[in-house]
Amino acid sequence: MTDTQRIRFLSTSLIVGFFLAWEVLCILLNVSDLVLPRPSEILVTMWTRFPVLWPHILQTLYSTLVGFSLGVVIGVTLGVLVGTSKIAYAVAYPLLVGFSSIPKVAVVPIFVLWFGSGTTPAVLTAMVICVFPIVVNIATGLATTEPELEDVLKTLGASKTEILWNVGLPRAMPYFFASLKVAITLSFVGAVLSETVASNMGIGNVMMTASSNFQVSLVFAGLIILALMGVALYAVFSLLERRVTGWATRGNDIAVT
Amino acid sequence: MNMSSNIPARDAQPVQTASVHSRPALELQNASVVFGSGANAVTALTPTNLKMERGDFLALVGPSGCGKSTILKLVSNLLQPSEGLVLVGGKEARAKELRIGMAFQNPTMLPWLTIEQNVMMPLKIVSPFKETYRQDKTGAFRDRVHALLAQVGLKDFAQHYPWQLSGGMLQRSNLCRALVHEPDLLLLDEPFGALDQFTREELWQIMQDLYLDRKPTVLLVTHDLREAGYLANRICVMSARPGRIISDEPVNIPQPRDIGMIYSPAFVEMTQNLRELIAQVRST
Ligand SMILES: Nc1ncnc2c1ncn2[C@@H]1O[C@H](COP(=O)(O)OP(=O)(O)OP(=O)(O)O)[C@@H](O)[C@H]1O
Ligand SMILES: [Mg+2]
């Protein structure tokens with residue numbers, strides 16, 4: 001067995017073991033399913049309620065992805081604007097850091113105030129929450145481009161745009177994709193959060209409603225669905241990252257943070 | 001000192017080719033470079049005058065840190081002179097009057113591109129190639145890049161990434177990238193530094209063929225006096241930092257030159273003289 005195989009095997013065992021222990025402990029300690037339902041019960045609920053849950057899953061996915069896409073567009077644009085000029089970078093950096101350290105949850109009530117409850121605040125929250133890591137990463141990637149790499153194009157008489165396209169942006173790609181992994185997770189959190197407080201759709205809302213009706217196993221079913229979705233989204237983007245920016249992890253010319 | 005006096009000058013070519021273009025390819029007029037200001041100002045280049053006619057092959061030698069790379073950066077407009085003028089093809093360097101090919105001292109291949117893509121980069125940026133880049137990048141341009149790579153012994157490495165190549169191989173790709181767009185003015189900063197003697201001599205011959213074929217203007221920075229003598233038809237020696245040009249002599253040996261020539265007594269004597277000159281300026 002190779003090292004990676006062993007690691008895979010161990011992590012799978014850990015996950016299976018976790019649920020087994022949960023199941024067994026609940027039976028042994030005779031825990032009420034109003035407090036903590038057993039995994040098998042949760043699984044049954046997920047299965048039987050799936051037709052009802054499915055539209056909510058799609059809704060959450062929709063808010064997340066729409067918000068995320070908007071966030072990426074805005075983030076990349078701002079990042080390029082800030083990162084291409086050394087001065088803009090130095091000037092804007094403190095503001096960006098300030099913004100990115102605000103707990104973005106705090107914007108949900110504002111969006112509800114402006115747009116009412118529903119899909120709009122969920123999308124906007126997902127967007128706002130993921131913009132800053134993208135801006136900061138793109139800007140950093142661009143601003144830290146080795147001048148020697150740009151010199152290659154400068155001696156050929158390349159324009160600023162050509163340098164950006166051929167050196168700056170490819171150089172910033174590893175930073176960009178690293179930030180996408182973070183950003184998609186944040187967007188997802190943002191969307192669910194907004195759903196829990198201000199929507200009648202989405203998994204977040206399902207959990208909220210189920211909790212007020214004491215449908216405990218449905219609450220947990222929602223939790224597990226969220227976990228699975230979160231992992232899937234993260235996996236998609238880290239796969240994409242490895243595909244697109246392999247050069248950065250294989251070479252040693254450029255370190256990626 | 002006249003280095004040419006000891007060399008049997010058969011039908012010696014005129015060193016400064018009488019050009020149909022009246023304007024010199026390159027001219028430094030009292031160009032100087034000072035980095036920083038005030039107390040921590042560093043003079044990289046004291047006011048320097050240098051003139052190259054089109055078709056000149058000039059080798060620039062001198063002790064480390066004397067400002068050779070700085071001169072190349074002035075010419076390629078990566079640096080602006082603190083004082084004085086830098087004229088390329090009769091216009092200020094930033095006008096990009098001449099098509100420039102530059103091989104940097106440290107090969108700076110873009111790490112996300114393969115060697116083929118790296119070498120092709122000038123064709124993507126420089127007119128008239130960039131206009132047809134889309135159609136030709138998989139056809140004519142690709143063939144041109146592959147032919148160049150084959151010439152320097154990198155035929156099998158076109159699809160490799162820079163980190164998969166050795167230092168010497170990167171330097172050879174670097175040279176290809178400087179040549180691929182058939183520049184009028186070739187700026188080479190120690191392009192053969194990291195190579196073994198045999199590969200180096202091989203590349204000298206390739207370089208000479210390329211030069212005689214198209215007769216670009218070449219400004220070669222090197223520490224290797226034999227390299228300077230073999231390739232150039234003019235050798236300038238710079239003094240130690242802050243540098244200035246203290247000797248400017250023609251090499252009156254007809255081209256093409258045979259590689260065996262570098263072991264001939266006359267050639268050895270010429271390089272000896274150069275060597276002594278540099279030894280002097282280093283110690284002062
Ligand atoms: N960006 C810079 N800032 C400050 N000083 C510099 C800078 N670049 C070069 N210098 C100084 O200018 C001087 C000339 O540098 P240059 O690179 O032209 O030397 P060189 O002749 O090419 O040397 P070598 O043969 O070692 O490559 C050096 O003494 C160096 O300290
Ligand atoms: Mg140098």
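1. A backbone N or O atom of C66(B) lies 3.2 Å from an oxygen atom of ligand 1. On its own, ligand 1 has 640 Å² of accessible area, and the protein covers 66% of that. The model discussed here is a predicted one.

2. The shell around ligand 1 holds 13 residues, of which S64(B), K68(B), S69(B), T70(B) and R241(B) come nearest. Sorted by class, the shell has 7 polar, 3 charged and 3 nonpolar residues. Helix 1 of chain B, residues 68-75, supplies the largest share of the shell, with 3 residues.

3. Ligand 2 is a magnesium ion, and its protein donors are OG of S69(B) and OE1 of Q105(B), at 1.9 to 2.3 Å.

4. Is Q105(B) buried, partly exposed or exposed? Q105(B) has a relative accessible area of 34%. Buried requires a value under 20% and exposed a value over 50%, so Q105(B) counts as partly exposed.

5. For chain B, an unreviewed UniProt entry lists residues 28-265 as "domain: ABC transporter". In the model, this span is 31% helix and 24% strand, and its end C-alpha atoms are 35 Å apart.

6. Chain A has 11 helices and 0 strands. Along the sequence its pattern is therefore α-α-α-α-α-α-α-α-α-α-α. Taken along the principal axes, the C-alpha atoms of chain A fill a box of roughly 75 × 55 × 30 Å. Chain A has 257 residues, and 46% of them count as buried.

7. One residue of chain A can be followed in detail. T140(A) lies in helix 6 of chain A, which covers residues 119-143. The relative accessible area of T140(A) is 18%, and because the cut-off for buried is under 20%, T140(A) counts as buried. The side chain of T140(A) makes a polar contact of 3.5 Å with the side chain of Y89(A).

Key:
Residues numbered from 1 in each chain as written. Chains lettered and ligands numbered in written order. Predicted model: local features only at pLDDT ≥ 70, side-chain atom pairs only at ≥ 80, totals over all residues. Heavy atoms only, no water. Near = heavy atom within 4 Å. Polar contact = N/O pair within 3.5 Å; in protein donor to acceptor, adjacent residues only side chain to side chain. Areas by Shrake-Rupley, 256 points an atom, 1.4 Å probe, with all protein chains shown as cover. Helix = DSSP H or I, 4+ residues; strand = E, 2+ residues; numbered from the N terminus. Nonpolar A, V, L, I, M, F, W, Y, C, P; charged D, E, K, R; others polar. Donors = N, O, S within 2.8 Å, 3.2 Å for Na, K, Ca; no water. Buried < 20%, exposed > 50% of the residue type's maximum accessible area, 1.4 Å probe, protein only. UniProt positions renumbered as here; feature names shortened; annotations may be inferred.
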